[in-house]
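Colleague: I am new to this structure and would appreciate a short tour. Could we look at it together?
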Amino acid sequence: MAGPELFLDSSIRIWVVLPIVFITFLVGVIRHYVTQLLHSDKKVELEQVSDSQVLLRSRILRENGKYLPKQAFAMRKHYFNNAESGFFKKVKRKVIPKNPMTDTSMVTDMMKGNLTNVLPMILIGGWINWAFSGFVTTKVPFPLTLRFKPMLQRGIELLSLDASWVSSASWYFLNVFGLRSMYNLLLGHNNAADQSSIMQDHMTGAAMPVPPDPNKAFKSEWEALEIVNHHWALESVEEELICRDLNFGGMVSRELKTTMF
Amino acid sequence: MASVSELYDVTWEEMRDKLRKWRDENYRNSEQIVDVGEELLNEHASKLGDDIWIIYEQVMIAALDCSRDDLAVSCLQELKRQFPGSHRVKRLAGMRLEALERYEDATKLYDSILQDDPTNTAARKRKMAMLKAQGKSPEAIRDLNEYLEQFVGDQEAWHELSELYINEHDYAKAAFCLEELMMTNPHNHLYCEQYAEVKYTQGGLDNLELSRKYFAQALKLNNRNMRALFGFYMSASHIAASPKVSAKVKKDNVRYAAWAASQINRAYQSIIRKCDRL
């Protein structure tokens, strides 16, 4: 599929490819700091915290219950799962479905998200398209079909040109996604310059530890706990202990640290 | 009075790193912290950068322990200046009031924090600590129970509650708290050992058997836990000496006790040998 190789002017490299990389990178960093400035603290409800801890406790009971005596395990299972008075049966939380239109905090969050992420991308993309148009910037290393031509080769009206040769606008978009790992290196995880993850989850609210419907979580936890049985891990612990001598290595150390430093 | 850096011939970086180590590992050597921290803050404050704020907090709490109200107040003022309206600083101000035994003022302060932020656990814990300091154990137990109903996952709270129950001799409830801790930290030999001790104290054949099992578990998790070894020996011999047990159980327990005794001997022998060599 490869046509004759084009030789590009090396000044394209200096004046187009590298500047676009720098611009994308700097804009990303600026976006990160602006987002941090505009960031408002999410207020957690007491009930949510409490519920998430209860679910955690139930999960731990399922996993580590075998280290408890049978009576203790039965007591806790009964507390959670009893048909009339069990926690998961009795407690029903009021679930207010969060309407995206009317819930003010979500609206402001969405606006902030749009402002800091989508707007700069459109602006800079458009500017690059206008400033660096009319020439081929780079070649993608894999062959593309002709359908990609109008998308990737804006401003270049050559019918016979291979679709692998792309314009600067596509190089810009390539950078936006490619520099994600660079951002991770410099700004740590959870940085706001990471656009692709924001585009993936539309909920600009932070993910709460408890899903928005605690009742469902309670029900699934109840089911999981019902089927767990108690197999005491300490059934034959003495016999296992007795069969060999204890290892006292390192019980007495030679040096005694008495001073501060 | 020679300064710390002269006495031990250390640089300010070493002092700062030592403070960090004490902070990370939760040491409570308040006098040492006050000595090192005070000098660090007086002589080298400008070199510390942003670390200085957490060092202020650490030194302030240590100063309260050593009744150095002057040092505590100066640290608190610096923190208040840098972080006005912060709940964390407010809690420190409350701690200072507690140190001066102005308990009502401290309670008012903590209540104001909780009004602002009902999920603030630090303020609630300070209120309970005040009740304990004033000796009002039953109220402290009641408040701690309410706290734990909402924050079931708070392990240091469970541990504190178990201690309070042990002081009130309510061993059944203390055992419950320790079971919570064992559940969340199944590989911690100290919780197993404490649980076994509580069961042993409760007495009765079932509890003794349970305690023997958990002493054994603690030993399995950490071979060098001498307390657990002694506990294992005592519970096994107690069961063996009891008139109500069957012959098989008696035989088993005599075997366990004999094994424990031989292990204790081995431990002391090894220590004597090591000491002779030193």
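Colleague: What does R76(A) lie over?
Modeller: R76(A) lies over the face of F176(B), 4.2 Å from the ring centre. A charge counts as over a ring if NZ of Lys or CZ of Arg is within 6 Å of the ring centre and within 35 degrees of the ring normal. This is a predicted model, where local features need pLDDT of at least 70 and side-chain atom pairs count only at pLDDT 80 or more, while totals for chains, interfaces and linings use all residues. Residues are numbered from 1 along each chain as its sequence is written, chains are lettered from A and ligands numbered from 1 in the order in which they are written, and side-chain values use heavy atoms, with hydrogens and water left out.
Colleague: How many aromatic pairs are there over all chains?
Modeller: The whole structure holds 16 of them. Rings of Phe, Tyr and Trp (its six-membered ring) pair if their centres lie within 6.5 Å; planes under 30 degrees apart are stacked, over 60 edge-to-face, and the rest tilted. F80(A) and F87(A) are edge-to-face because their planes stand at 85°, with centres 6.5 Å apart.
Colleague: Is F87(A) buried or exposed?
Modeller: F87(A) is buried, because its relative accessibility is 13%. Buried means under 20% relative accessible area, exposed over 50%, and partly exposed in between (1.4 Å probe, protein chains only). F87(A) also pairs edge-to-face with F218(A), at 5.7 Å centre to centre and 65° between the planes.
Colleague: And how many residues apart are F87(A) and F218(A)?
Modeller: They are 131 residues apart. F218(A) counts as buried too, at 1% relative accessibility.
Colleague: Which residues do ring pairs link into a cluster?
Modeller: The cluster joins Y79(A), F80(A), F87(A), F88(A) and F218(A).

Definitions and conventions
Helices (H or I, at least four residues) and strands (E, at least two) are DSSP runs, numbered from the N terminus.
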